[in-house]
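Work through the exercises below with the sequence and the structure at hand. Each task is followed by a solution in steps.

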Amino acid sequence: MGAGAAGGIMALELARRGIQVLVIEAGPRHDFAQRGEYARRYLKHDNPWKSPGDLDRHTTSGTPGYRLDGRRARGVGGSTLFWEGYALRLHPDDLRLRTRHGVGDDWPLAYADLEPYYTRAERALGVAGAPDDPWAGPRSAPFPLPAFPWSYSDGLFARACASTGIALHHLPQARNSQAYDGRAGCQACGTCHVCPTGAKASVDLTHVARAEATGHARVLADSSVVRLDADRSGGVRAALVARARRPAERLTARVFVLAGGAVENARLLLHSSAADHPHGLGNRSGLVGRLFTSHPSVDVTGRAPVQVHPYRTGFSSAMSRQFAVAGDRAARGAFMLELLNSAGGTPEAIAARSGLWGAELKKHVQEQFGRRLGIRVFCEQLPDRGNAVALDPHVRDQLGTPVPHLRYSVGPYERRALDEARDVAGRILAAAGCDDIRTSGLGVAAHQIGTHRMGADPATSVVDADLRAHDVANLYLVGAGAFVTASASPPTLTIAALAIRAAERIARELRPGAPA
Ligand SMILES: Cc1cc2nc3c(=O)[nH]c(=O)nc-3n(C[C@H](O)[C@H](O)[C@H](O)COP(=O)(O)OP(=O)(O)OC[C@H]3O[C@@H](n4cnc5c(N)ncnc54)[C@H](O)[C@@H]3O)c2cc1C
Ligand code: SF4
């Protein structure tokens, strides 16, 4: 279920080994030829990836709460249609937070176990980067694509960071710095949430079409899995699939893979309860839906003494992981700094806010545009049982399924990280000569993590290190829901690496002797 990052990658990995795959995708198939039109809509603030109907209906509680609107996409390609494309590996210490810092938990695998799969994921997605990150784990192969050159404002930041003892490095991204693997090089057109050229990797282009081309994979779009039925032996027997204007169908398979994202995977397991698993399928630990995390975030901006030439690309090219690895992670969350290439308003936004007309308006926009530098902070959040995805018993979606209720709060560990990050970002901006330094309100990233965590012990985890459900022998749960801790890094390259690894395990089971 699901044709996003995890499901698309899984489909190709299995299909290329000759395994028959049926991908059931709740959203539509978006024709690549529409991307130009989609980009125009996006520029007019009309999100072309918005989910059809009320499939994304949900309720939320907590402080600040977590809303899903604009934080995921449905369709063949999933949220990679919409994502920014930043593709970072975790640091080895991210996987052993308990051992190194006494908080959170350790993952059941080490960086060395993941490294070969990171390399394969980077090749498949086409990651552009440079080996200049002093806090990167060891690599067995260079980045498949050269890094994007730094922007004008990155140069201003680099001098400011050097004077404050902070090291900048390139931000690795799944975006073609030159033509790669049948997709165009980046044209710097700047609408990256809708990439009209295909230079930003999205799995509809990099994986799903290739899986279908093998002749072993088929995609059923506009089709939602609404329930899984288990048999007495504890295996999944069938998936109940709802499609518009058709009766629901029961589909059977030898192995079932849930790749609907951390919220939908948990929702489906909870909704698949039955007499012998009353708290949901695969939920003997009681952890399905719990320990939901994301990346709390703030932007810190300052008025620059010079023109900074923003908005020439739609993405950031420099970052620092210094505080994501070093520092007292027992006391505060790790945080990463993204140096923005597009801080401050666009000319359109500045004009709309001004209330001016004619020559005055022109002068105002000329004076204000390009005069702010900005730094975005993402911080690590500790898993907390109080943060959870549950079923809302009072609200149902158009298919009659209870909607997810997201309970989400940010605690002192994260707030201390954001306080320190504000201070660090403020120092960098001051060193760049900025005044009028301001911090945005608390934001939260479009990353949903940790609702079916992996582990060796079935009492304290939902899946094993290969992402197989402890309680259900033919069920795999892929995606960031399986992460044990969130790190400060965006999740998708790790989702990809884990999906490739899980596909190997499934292939070994289904086709012993098939090529790796
Ligand atoms: C605006 C934005 C920017 C982002 N930027 C970054 C970034 O720079 N770097 C990064 O690492 N990550 C980023 N992300 C997050 C990234 O997109 C996700 O981590 C990643 O796509 C998750 O992969 P997934 O396969 O688990 O889920 P998704 O890619 O969301 O795919 C899940 C798919 O499953 C389908 N589905 C769900 N439930 C069902 C069901 N019941 N039946 C059938 N199908 C179902 C959905 O329709 C969807 O297509 C961003 C996300 C957004 C929205
Ligand atoms: S800037 Fe590059 S990645 Fe972004 S939309 Fe344009 S071509 Fe795509």
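## Exercise 1: A salt bridge in a helix

Lys363 has a relative accessibility of 51%, so Lys363 counts as exposed. The model is a predicted one.

**Task.** Find the salt-bridge partner of Lys363 and describe where the two residues sit.

*Solution.* 
1. The partner is Glu367, and the closest N and O atoms of the pair are 3.2 Å apart. A salt bridge requires the nitrogen to be within 4 Å of the carboxyl oxygen, so this pair qualifies.
2. Both residues belong to helix α10 (residues 358–368). Because they are four residues apart there, about one helical turn separates them.
3. Glu367 has a relative accessibility of 42%, so Glu367 counts as partly exposed.

## Exercise 2: A buried pair between loops

**Task.** Describe the salt bridge between Arg329 and Glu380, and say which parts of the chain the pair ties together.

*Solution.* 
1. The closest N and O atoms of Arg329 and Glu380 are 2.8 Å apart.
2. Arg329 and Glu380 are both buried.

## Exercise 3: Salt bridges and helix α7

**Task.** State how many salt bridges the structure holds, name the residues linked with Arg267 in a network, and describe how α7 is covered.

*Solution.* 
1. There are 43 salt bridges in the structure.
2. The network that includes Arg267 also links Asp56, Arg72, Arg74, Glu264 and Asp397.
3. Glu264 and Arg267 are among the buried residues of α7.
4. In α7, ten of the eleven residues are buried, so by that count the helix is mostly covered.
5. The cover over these buried residues includes β7, β10 (256–258), β15, β16 (402–407) and β19 (475–477).

## Exercise 4: The surroundings of ligand 1

**Task.** Describe the polar contacts of ligand 1, how much of its area the protein buries, and what makes up its shell.

*Solution.* 
1. Ligand 1 is surrounded by 38 residues, and the closest are Ala6, Glu25, Ser79, Tyr86 and Thr492.
2. Ser79 places a polar side-chain atom 2.6 Å from an oxygen atom of ligand 1.
3. On its own, ligand 1 exposes 990 Å², and the protein buries 93% of that.
4. Elements that give two or more residues to the shell are α1 (5–15), β7 (223–230), α7 (261–271) and α12 (492–510). With three residues, β7 gives the most.
5. Sorted by class, the shell has 16 nonpolar, 16 polar and six charged residues.

Definitions and conventions. Residues are numbered from 1 along each chain as its sequence is written. Chains are lettered from A and ligands numbered from 1 in the order in which they are written. This is a predicted model: local features need pLDDT of at least 70, side-chain atom pairs count only at pLDDT 80 or more; totals for chains, interfaces and linings use all residues. Side-chain values use heavy atoms; hydrogens and water are left out. A salt bridge is a side-chain nitrogen of Lys or Arg within 4 Å of a carboxyl oxygen of Asp or Glu. Buried means under 20% relative accessible area, exposed over 50%, partly exposed in between (1.4 Å probe, protein chains only). A residue is near a molecule or strand if one of its heavy atoms lies within 4 Å of it. A polar contact is a pair of N or O atoms within 3.5 Å; within protein, one must be able to donate a hydrogen and the other to accept it, and residues adjacent in sequence count only if both atoms are side-chain atoms. Accessible areas come from the Shrake-Rupley method with a 1.4 Å probe; for residues, only the protein chains shown count as cover. Ala, Val, Leu, Ile, Met, Phe, Trp, Tyr, Cys and Pro count as nonpolar, Asp, Glu, Lys and Arg as charged, and the others, Gly among them, as polar. Contact means heavy atoms within 4.5 Å.
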